[in-house]
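Open the model in your viewer and keep the selection tool at hand. Each stop below tells you what to select and what is there.

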Amino acid sequence: MISPLTDQTIAFDGRALINGERVAARSGAVFDCLSPVDGRLLTQVARCAEADIDAAVAAARAAFEDRRWAGLAPAQRKRVMIKFADQLLAHADELALTETLDMGKPIQYARSVDVNSAANCLRWYGEAVDKVYDEIAPTADTALALITRQPVGVVGVIVPWNYPMIMAAWKIAPALAAGNSVVLKPSEKSPLTALRLAELALAAGIPPGVFNVVPGFGPEAGSPLALHMDVDCIAFTGSTRVGKQIHVMAGQSNLKRAWTELGGKSPNIVFADCPDLDRAVEAAVGSIFFNQGESCNAPSRLFVEDSIKDRFLEKALALVPRYQPANPLDKHTVMGAVVDQTQLNTVLRYIESGKQEGAKLLAGGAQALLDSGGCYVQPTVFDGVRNDMTIAREEIFGPVLSVLSFSDAAEVVKQANSSVYGLQAAVWTRDINKAHGIARALRAGTVHVNQYDEDDITVPFGGFKQSGVGRDKSLHAFDKYTETKTTWIRIDSPV
Ligand code: NAD
């Protein structure tokens, strides 16, 4: 009988995957991959650097040039992408367990959200790729102008640690489906599922060299990828600070196409005429504490109209105990560990700054599960926050809700927009004019009306302002991984 997979028996392989082979870093260097669940050492991971990036890019370039993947008909690539998605589902328990151990999210969500969304994304782009048509321009009869899309070539992908598989899938799925070769650098804080994805891609039939994974640290492995002269496009998700450097590196090197999905400080505006206060409370609390608050689109600034604020807060505080952190491996847990000690310290520092700057701590505010050996923080709520306080301006990326109040619609829109970020926003009102007017005025890539959790692979995801450049998801993502080509054909009509 085969023993079931448990957190004790699962075996990790931390080596890079280049040209279809598992390989150590050229230097032999490794780094420890620790679990935030309890501090245990999961495995040692290849610490890739410039030489490894060069090897991975060379493999990706060779694969692109000989057209072993790009040369397949879209319908053939579709079949392989769908098999790739099926591979994820066939290994769903292992991938979910790996994600939970590696970055601390509750196992129930790793399985139901992360694995399923990543698989769905791969399938969706696979299914889409043989249904997208090119164009013929409406020119004069003396010529034919074909407007076609071609894969850009070698795509470098750099992703963060908060949804490791989903963030990777949002980029590799459209890039691969369009016929590119990919070199993926996962976060040093959560490298393990990316390495398995590359193995599963091979098992599905994606040829060696087409999808390579090089784990390592940002400056050592990420920068050489962003600076590489033979990478045609860099697709990045992460902080605004590093995102800015990515655009500089693209400009300093070969002017590779650079796409960035960056931070957020999303405003959630609840008017007194909100159609369902309980739903608004559930959404406000559930969305900031989901994934331990480590979501770029978390509604971290909650604006509540004065007249309902006390009632709203009473209901919100009643929900907070539900989100007390617990062992992420327990299937009932809804809030797990933050990704590592560094992130835990960052969150605690922000909580301290909230107190120092005069916000009123209503719940949480401290580390939790101190005996676990892991990295846990209590769900935290601040009232009396002003928009100029550090906790309202900077992205905390932890389970910290800042509550602000307002009395005037124009003023709250001004405050909501007063942020360097513009990723998402929400407005709750039963007044259709107010809903449309405010949705239009909010400077954000996505605006929710009377809900916060709708999501679908069919809609673009990305931000205004310093929340990034470009959009993930939907058919729009193909724009990032294809070049538009015009071919003029002269027609000397014989008739
Ligand atoms: P980060 O910017 O520190 O790191 C992201 C990735 O960049 C990692 O792989 C890291 O190794 C790499 N990196 C770091 N320094 C680099 C350098 N000098 N050159 C090249 N690569 C480098 O971000 P993080 O802490 O991993 O992730 C959290 C951030 O990601 C938050 O700001 C969050 O809002 C953002 N995020 C945005 C989205 C979105 O879609 N907009 C989604 C998820 C996360």
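How many nonpolar, polar and charged residues are in the lining of the second largest cavity? Keep that in mind while you find the place. The model you are looking at is predicted.

**Stop 1: the cavities**

Two cavities of 30 Å³ or more are present. Select Gly-293, Ala-298, Ser-300, Ile-396 and Phe-397, the closest to its centre of the 13 residues that line it. By class, the lining of this largest cavity has six nonpolar, five polar and two charged residues.

Now move to the second largest cavity, with about 60 Å³ of space. Its lining is made by 15 residues, and the closest to the centre are Pro-267, Tyr-421, Gly-422, Gln-424 and Arg-443. Show the elements that give two or more residues to this lining: helix H13 (409-417), strand S19 (421-422) and strand S20 (424-428). Here is the count asked for above: the lining of the second largest cavity has seven nonpolar, five polar and three charged residues.

**Stop 2: helix H3**

Select residues 92-103, which form helix H3. H3 has twelve residues and reaches 16 Å from its first C-alpha to its last, close to the 16 Å expected at 1.5 Å a residue. Is H3 enclosed or open? Eleven of its twelve residues are buried, so H3 is largely enclosed by the rest of the structure. The buried ones include Leu-95, Leu-97, Leu-101 and Met-103, and also Glu-94, Glu-99 and Asp-102.

Show what they pack against: strand S3 (30-34), S4, helix H2 (74-90), helix H4 (107-129), H5 and helix H6 (192-204). Then step just past the end of H3 to Gly-104, where phi is positive at about 95°.

Go back into H3 and pick Thr-98. Thr-98 is buried, with a relative accessible area of 2%. Leaving aside neighbours within four places in sequence, Thr-98 is in contact with Ile-10, Phe-12, Leu-192 and Thr-193. Draw a distance from Thr-98 to Leu-42, C-alpha to C-alpha: the two are 56 residues apart in sequence and 9.4 Å apart in space.

**Stop 3: strand S4**

Select residues 41-46, strand S4, and centre on Thr-43. Thr-43 is buried, with a relative accessible area of 14%. Which residues does Thr-43 contact, leaving aside its neighbours within four places in sequence? They are Phe-12, Gly-14, Phe-31, Asp-32, Cys-33 and Leu-192. Phe-12 and Leu-192 are on the contact list of Thr-43, and they are on that of Thr-98 too.

**Stop 4: helix H5**

Select residues 164-177, helix H5. H5 has 14 residues, and its span from first C-alpha to last is 20 Å, close to the 20 Å expected at 1.5 Å a residue. Where does H5 bend? Look at Trp-170: the bend there is about 25°, and a proline, Pro-174, follows within four residues. Of the 14 residues of H5, 14 are buried, so H5 is largely enclosed by the rest of the structure. After H5 comes Gly-179, with a positive phi near 105°.

**Stop 5: helix H1**

Select residues 50-65, helix H1. The 16 residues should span 22 Å at 1.5 Å a residue, and the end C-alpha atoms of H1 are 22 Å apart, which agrees. Among the buried residues of H1 are Ile-53, Val-57, Arg-61 and Phe-64. The cover over the buried residues of H1 includes S1, strand S6 (143-151), strand S7 (154-158), strand S8 (181-185), strand S9 (211-213) and helix H7 (218-227). Just after H1, select Arg-67, which takes a positive phi of about 60°.

**Stop 6**

Most residues other than glycine have a negative phi.

Select Asn-19, in the loop between strand S1 (16-18) and strand S2 (21-23). Asn-19 is not a glycine, yet its phi is positive, about 55°. Asn-19 is partly exposed, with a relative accessible area of 37%.

Finish at Leu-369, in the loop between strand S15 (367-368) and strand S16 (376-377). Leu-369 has a positive phi of about 50°, although it is not a glycine. Is Leu-369 buried or partly exposed? Leu-369 is partly exposed, with a relative accessible area of 37%.

Definitions and conventions: Residues are numbered from 1 along each chain as its sequence is written. This is a predicted model: local features need pLDDT of at least 70, side-chain atom pairs count only at pLDDT 80 or more; totals for chains, interfaces and linings use all residues. Side-chain values use heavy atoms; hydrogens and water are left out. Buried means under 20% relative accessible area, exposed over 50%, partly exposed in between (1.4 Å probe, protein chains only). Contact means heavy atoms within 4.5 Å. On a 1 Å grid over the protein atoms alone, a cavity is a set of points where a 1.4 Å probe fits but cannot get out, and a pocket is an open set with protein on both sides within 12 Å along at least five of seven lines; lining residues have an atom within 4 Å of a point. Grid points are joined across faces, edges and corners, and a volume is the space filled by probe spheres set on the points. Ala, Val, Leu, Ile, Met, Phe, Trp, Tyr, Cys and Pro count as nonpolar, Asp, Glu, Lys and Arg as charged, and the others, Gly among them, as polar. The expected span of a helix is 1.5 Å times one less than its number of residues. The bend at a residue is the angle between axes fitted to the seven residues ending there and the seven starting there.
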